[in-house]
Each structure stands twice: as C-alpha cells, then as structure tokens.
Amino acid sequence: MASIQNRAIRRDQLLNKGQVVQQYLKKVHKKSVRSVAVNTFVWVFLIIAAMYILAPLVFMFTASVMPAGDIMKMPYRWIPKGIYWQNYWQGIRGNDGSFIYLRNILNSLIVASTVTVTTVFLSAVTGYGLAKFHFKGRHIAFMMILATMMIPFEVIMIPLYLIITKIGFQNSYAGLIAPFLVTAFGIFLMRQYYITFPDEILDAARIDGASEPEIFRKIILPNSVPALATLAVLTFKGQWDNLLWPLLVAQSEEMKTIPLYIVRFTAEKHTDEGAMMAVAAIASIPILILFFRLSRYFISGAVVFSARKE
C-alpha cells in the first residue's frame, strides 16, 4: 500500500514538473515572438526612414545625368536610360561660358577649410582650459560662452558687416573667414568631451616633467580624434552651405562661394533642371567624401572613455 502511495506521489510530482516546464516554454515562446515582432518593426521603420532620407539624394544624382525632358516625366525613371554628361558641362561652364563655378568651388574650399582648422584648434584649446584648469570665474566664462549660442546670427549680422566694412575686409577671404574663427558650440562640445578625460593621466605626465603644451599635443589631441572629427565635419558643412554671410560680404563674382553660384545659376532662364541637379551634385561631393572618411569616428566618439567612467 505504501509503495502505491509513493508511486502516486512521484507521478503527481512529475506532472507538476511537466506543467512547470510547459509554462516556462510558453513564456519563452511569447517572449521570442514579441522580440521578433519588435525587431521586425524596428527594421521596417529604419528601412522606411533610410529610403525617405536617401530618396532626394538619389533623385539628385540620377537627374543630374538625365535630359530635362526625362526628369519631368511621370512616373519618374530612377534608372536613367543613358548618361547625359552635358548637364555637368553646362553647370561647370555656366550659361555665360565663364567657368566661374570652378573659382567659386575654390573659394568655398578655402573658406570652409580655414574655418574648420581654426574652429577645431581654438575650440580644443579653450575647451581643455575650461575643463581641466581651475581658475576664478571659470563657470561664469563658460556660461557666457553658452549664452552667445542663444543669439541668432541675424541679430549680429549687420554689426558684423559694419565692422568688416570699416576694417577693409569686404569682398575678401578675411571678411568671409573672420567672423567664424571659433564657435560657442565647438567650445561646448570639446569642453564636455574633455571633462571625461582622467585627471590621473595628466597628473602623471606633469610628474614626469611634461609641460602643458606637451600634454596638450601628445596626450590630449591624440585622444580627442573622435570629437575633433565630429566638430570638423559639422563646421565644414556649416561653412560649405553658408549663404547669408557671403551674400553680404562677397561683392564680385570671383569672391562668391558655391551657394551664391547655385542661386544665380538656377535663376537664369537658360538653365534647365538637369544642369541644376548637376551643379547641386558637384557641390555635394566634397561633403559626402568628408563624411564617409570620418564617419567611423562618430561611433567611437560615443563610447570613448566609457570604460574609465565605469
């Protein structure tokens, strides 16, 4: 009798264990189904967002090698029948045959590159000083720098123009570059980046006899490449697309930049849609090259010093 009872108890225990296992498997299945659904939704959303973002870019490059008549046809043919290089020739040559677009490209390269170099360097120096040197009024100075970010450029545009005119920088590279040598955003970005840098490394370098310029050049800058690259891309793009300030300062066609040429070229009656897209495509190529060359630093910039913070 006792053996029969023990068998019944064991059978009940096995049944209970089987029910527990079944419930666990059901929960795992529900979680896996839910995870698959979430991942599918995320991927679909990302694909749609990527198509939405890339569609204008693809349209620009495909339309730049198509005749104007094919561009206006509906539905739009995303794969051109052939390559119509005449659009690029017309865009570079100009409707007047002056090839002034090449000079405007050179002007944009000079202005954007110079502003990028000065902004990156001065922002790094200032951000390092505000982050790692303790002096009276440091926080007040930083807050005043941040306050300038709240002032729209249109508010200070006319005073800047009057100053540039008074000192004789109008219609020159100096006039195009001087107001943008350093930015409050660049100082803010580098200061926030340097706050995470371990002070122990700097103290060890000082004990070894390294001077402050040596520390900045040999330790700080090599470890700041992600932030410097990010700031460089943003600064270069901002100056490459700058229209308002060159519109005020550049008076002659030889000193104008790419945005001013695009505005004038698209307004001329002899310009067709294909040539407009070709001019825009040419203007986009340097930005795309710079972005793809430095894009790997964006990801590394997000995780740098994360191990040290932990």
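Rings of Phe, Tyr and Trp, the last by its six-membered ring, count as a pair if their centres lie within 6.5 Å. By that rule, the structure holds 16 aromatic pairs. The model is predicted.

One of the pairs joins Tyr 101 and Tyr 261. A pair of aromatic rings is described by the distance of the centres and the angle of the planes. For Tyr 101 and Tyr 261, the centres are 4.4 Å apart and the planes make an angle of 15°. Planes under 30 degrees apart count as stacked, so this pair is stacked. Where do the two rings come from? Tyr 101 belongs to helix H4, and Tyr 261 to helix H13, residues 258–267. The pair therefore ties together parts that are 160 residues apart in sequence. Both Tyr 101 and Tyr 261 are buried.

Other rings gather in a cluster. Ring pairs link Tyr 128, Phe 133, Tyr 193, Tyr 194 and Phe 216. A charged residue also meets a ring. Arg 191 lies over the face of Phe 142, and its distance from the ring centre is 4.1 Å.

Now step back to the whole chain. It has 310 residues, and 31% of them count as buried. The chain holds 15 helices and 0 strands. Take the contacts in the chain with a separation of 6 or more: residues 24 or more positions apart account for 75% of them.

Two packed helices are described by the angle between their axes and the distance between the axes. The crossing is right-handed. Which residues meet there? From H4 they include Ile 105, Ser 108, Leu 109, Val 111, Ala 112 and Thr 119. From H11 they include Leu 228, Leu 231, Ala 232, Thr 235 and Phe 236. By class, the contact of H4 with H11 has 12 nonpolar, 7 polar and no charged residues.

Is Thr 119 buried or exposed? Its relative accessible area is 0%, so Thr 119 is buried. Leaving out residues up to four places away in sequence, Thr 119 touches Leu 231 and Thr 235, along with Phe 180, Leu 181, Val 182 and Thr 183. Leu 231 and Thr 235 are among the H11 residues that meet H4.

Next come the loops. Val 65 is in the loop between helix H1, residues 2–63, and H2. With a relative accessible area of 9%, Val 65 falls under the 20% limit, so it is buried. Not counting residues up to four places away in sequence, it touches Pro 80, Gly 82, Ile 83, Tyr 84, Trp 85, Asn 87 and Tyr 88. Val 65 and Ala 278 are 213 residues apart along the chain, yet their C-alpha atoms are separated by 7.4 Å.

The loop between helix H2, residues 68–71, and helix H3, residues 86–93, holds Pro 75. A cis peptide bond joins Met 74 to Pro 75, with omega about 0°.

The loop between H3 and H4 holds Asn 95 and Phe 99. Asn 95 is partly exposed, at 25% relative accessible area. Asn 95 and Phe 265 are 170 residues apart in sequence, but 7.9 Å apart in space from C-alpha to C-alpha. Phe 99 is not a glycine, yet it has a positive phi of about 55°. Phe 99 is partly exposed, with a relative accessible area of 31%.

Asn 171 also has a positive phi, about 60°, and is not a glycine. It is found in the loop between helix H6, residues 153–166, and helix H7, residues 173–177. At 27% relative accessibility, Asn 171 is partly exposed.

Thr 257 is in the loop between helix H12, residues 244–249, and H13. Thr 257 is buried, with a relative accessible area of 4%. What does Thr 257 contact? Apart from its neighbours within four places in sequence, its contacts are Asn 104, Asn 107, Ser 108, Asn 242 and Pro 246. Ser 108 is also one of the H4 residues that meet H11.

Definitions and conventions. Residues numbered from 1 in each chain as written. Predicted model: local features only at pLDDT ≥ 70, side-chain atom pairs only at ≥ 80, totals over all residues. Heavy atoms only, no water. Left-handed = near helix turned anticlockwise from the far one by under 90°. Helix = DSSP H or I, 4+ residues; strand = E, 2+ residues; numbered from the N terminus. Contact = heavy atoms within 4.5 Å. Nonpolar A, V, L, I, M, F, W, Y, C, P; charged D, E, K, R; others polar. Phe/Tyr/Trp six-rings, centres within 6.5 Å; stacked < 30°, edge-to-face > 60°. Buried < 20%, exposed > 50% of the residue type's maximum accessible area, 1.4 Å probe, protein only. Lys NZ or Arg CZ within 6 Å of the ring centre and 35° of its normal.
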